[in-house]
Amino acid sequence: MGGVDLSRVGANWLHAVNRLPSLVELHLDHCKLQSLPTSLSLVNLTSLFVLDLSYNHFNSSIPQWLVNLTSLTKLDLRFNYFQDIIPFDFVNLRNLRDLYLSGNRYITGQLPSFLGNLCKLKTLDLSQMNFCGTIDGFLGNASACLNKSLESLDLSVNNLLGKIPDSLGRLGSLRYLNLEYNSFWGSIPASIGSLSSLQDLDLSNNEMNGTIPESFGQLSNLVNLFLYENFLEGVITEVQLMNLTRLENVILKANTNHSLVFNVTYDWVPPFKLKILELESCLCGPKFPIWLQVQSELTIVTLKNVGIIDTIPEEWFSMISSQIIHFDLSQNQIMGKLPHQLVLPNVNFIDLSNNCFKGPIPIWFSNVTELYLKSNSFSGSIPSNIDDLMPRLRCLDLSENNLNGTIPLSIWKINDLGGLYLRSNKLSGGLPHHWNESQLLWVVDISYNNLSGKILSSMGFLSSLHVLVLSNNNLYGEIPSSLQNCSLVSLDLSGNHLSGILPSWIGSEVKILRLRSNQFSGIIPRQWCNLPALHILDVAQNNLFGRIPNCLGNFTALIYGNGIIWPSFYVNYVEKAIIMTKGRELEYGSTLQFVTTIDLSGNNLIGGIPDEITSLTALDTLNLSRNHLTGNVPKNIGNMRFLETLDLSKNSLSGPIPESMSSLTSLVHLNLSFNKLAGRIPSGNQLQTLNDASIYKGNPRLCGSPLPTKCPGDETFDGPTFSDGSGIAEDKQDGDDTERLWFIVSIGLGFVVGFWSVCGTLLVKKSWRYWYFSFCDEIRNRIALIIALKMVHLTRKFGMEKN
């Protein structure tokens, strides 16, 4: 009987198997089975060569009776929920050639060394499991038994660690080796050069921290080499590359900047023709090397941060332009103009950001879907017919250049455009009047330009808009309420001339809300208290009045921490913002999502600081300065244990500084100046390091260190003063001071009288002097005699006399 596929058979599959005693292949994959009936072990399956139970829902140990299927050549148990360990009796499956166990995350323990005794294995897949420990034991057995049979070994996505042993080099038939996503460290073993049949090698996402051995040059059959996300270092020369005649795909990334250096002669021509080349943070420059310029079959090129200071070789660029689909030369110092006569008909990703390109924006990227040209010196205007030139655009990043003119209306006709990043240019004019309901814009960042006019209500048609950043322009008017139709996660309109009242319709998904440095008036809406995801609230430097809502203590993200997760679309977008924190302006980029701040400074707010605000224990920065706040500083402010910046200056706060403030162990910037605070300044913990007197300046009733003003009693006693409010403590302190003074005077008089009673008599009576010095001489002689006798006794006792 041949094979049978029962993956579509229902509950009667076991009955069907019973009727096939001579079954050779049994496929039960993708059947959503949760268990294997024990009666299956009674079925005569001794002739079974292939058993496929993959992609089910088994949640028990691997059935022991499987080891009785000694004729098996292929066993596939992938992606189930098998638990515990692999049974030792698997060693009885002597005919097994292909064993697939990947995706069973509940199988634990060390890598079973006995699997290395299955001497006919060709394929062993133990990836995506939960093995730990080293691989020394397994490779030790395998190298003695499988050195002529094992062709594919996949141990990726486990918790394996340690060095890769030299015994790896004995698996001479190995063609595929995948050890990625583990914790291997140390150098790649030199014995790897003995794997003469190796075609695919993946050691990425480990902690390898040594060099690439010269024996790499012996891997003449190597096609795919993936070594990214490690800590490799050292020099790569022609020796490691000269015999790699079949090499096609290389991905190599150094986690430490330029720790890997390509040191080949400039005119060296390699023996390989690459299709994929991705190098990041490896030093290849400063010139475009010849070994790269002769690669005519490239389809994907990434040369990110490789130290190139040169112009793009036009002949090479022309040679690869017809087949290239991904082109990334970012974070170098490539200069000059991009030639307009060239076209890239198949390219869909171009990243030339962080270089020194100049001139107008190239218009020959006809089929590109993602174009990143930020941080260059491009000038001129954005092409007015950009929708015709690049109709497939999904992301356009022209940030941090010298572009001028207006934003062309045609840019809004690109229906698939999801990200528009024009930050930090010299663009002028207004925002478009008509927005297309079919547009898929997720991010619009046109900050730091010279835009003017109003934000029109038609922008509310962008229902998919998540991030809107229009800060530092010359926009005026009110925020249109139609923006509530968008799916805003971040709204930054700071640094404009916007006016009106603050919008109460801000959606509950908003995480960043920055409206500072405008002309908004009115009160802070209580509706904002229902923003559980908000972690940055900045409305500083406006004309707001009224009280601080006590319900601001409801911000969940500022109580339990900010668990923000940006949508995957933002992989190539980094929102930037300048945050006032730690006493200065700091620009945040990739870490902005971890900032937690409330800045209400520079307004006309009145009333007290709500006690509820002290429940925001995950808050980093609280700035309420330059308002008209009154009352006391909340006594529980010490609960805000992660607070790094606290600025309450230039208000009318009164009363004492709470003792709990000394519990703010993360505090690095404090400003309480120009208030009406009174009493002793607390000390201890972090407050001891904040010894700048300007922190407390303008509070004439404050006393104690670091101010020069001493508190009552500090002139003679530095310890604390306790009072029950009746004034008794002050009277007692005065009495103690008088008693202490008389005690010191008495000690001084007693010393003088005693000294002169003895020494004065010796000076006057000669006979007393003679007796005194004679007595001293006698005492000295007696002591010398006693020491001499003791020494004689000891020498005799221990037999040390000289004969």
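A salt bridge is taken here as a side-chain nitrogen of Lys or Arg within 4 Å of a carboxyl oxygen of Asp or Glu. The views show a predicted model, in which local features need pLDDT of at least 70 and side-chain atom pairs count only at pLDDT 80 or more, while totals for chains, interfaces and linings use all residues. Residues are numbered from 1 along each chain as its sequence is written, and side-chain values use heavy atoms, with hydrogens and water left out.

**View A. Salt bridge between Glu-370 and Arg-394.** The closest N and O atoms of this pair are 3.6 Å apart. Glu-370 belongs to strand E27 (residues 370–372) and Arg-394 to the loop between helix H6 (386–389) and strand E29 (395–397), so the contact ties together parts 24 residues apart in sequence. Helices (H or I, at least four residues) and strands (E, at least two) are DSSP runs numbered from the N terminus. Glu-370 has 16% relative accessibility and counts as buried, whereas Arg-394, at 37%, is partly exposed. Buried denotes under 20% relative accessible area, exposed over 50%, and partly exposed the range in between (1.4 Å probe, protein chains only).

**View B. Salt-bridge network around Arg-514.** Arg-514 meets Asp-492 in a salt bridge of 2.8 Å, N to O. Arg-514 lies in strand E39 (residues 512–514) and Asp-492 in strand E37 (residues 490–492), 22 residues apart. Arg-514 also forms a salt bridge with Asp-538, at 3.8 Å from N to O; Asp-538 is in strand E41 (residues 536–538), 24 residues from Arg-514. Relative accessibility is 4% for Arg-514, 0% for Asp-492 and 2% for Asp-538. Through shared partners, salt bridges join Asp-492, Arg-514, Arg-516, Asp-538 and Asp-599 into one network.

**View C. Open sheet of three strands, E17-E19-E21.** The strands follow this order with parallel pairing. The edge strands, E17 (234–236) and E21 (282–283), each pair on one side only. Three bridges connect E17 and E19 (residues 260–262), and Ile-236 has Phe-262 in E19 as its bridge partner. Two strands pair if DSSP finds at least two bridges between them.

**View D. Nonpolar surface patch containing Met-791.** Ile-779, Ile-783, Ile-787 and Met-791 together expose about 370 Å² of accessible area (Shrake-Rupley method, 1.4 Å probe, only the protein chains shown counting as cover). Patches consist of residues with over 30% relative accessible area and no salt bridge, like charges being joined within 9 Å and nonpolar side chains (Val, Leu, Ile, Met, Phe, Trp, Tyr) within 5 Å. Met-791 is found in helix H8 (residues 766–797) and is partly exposed at 48%.
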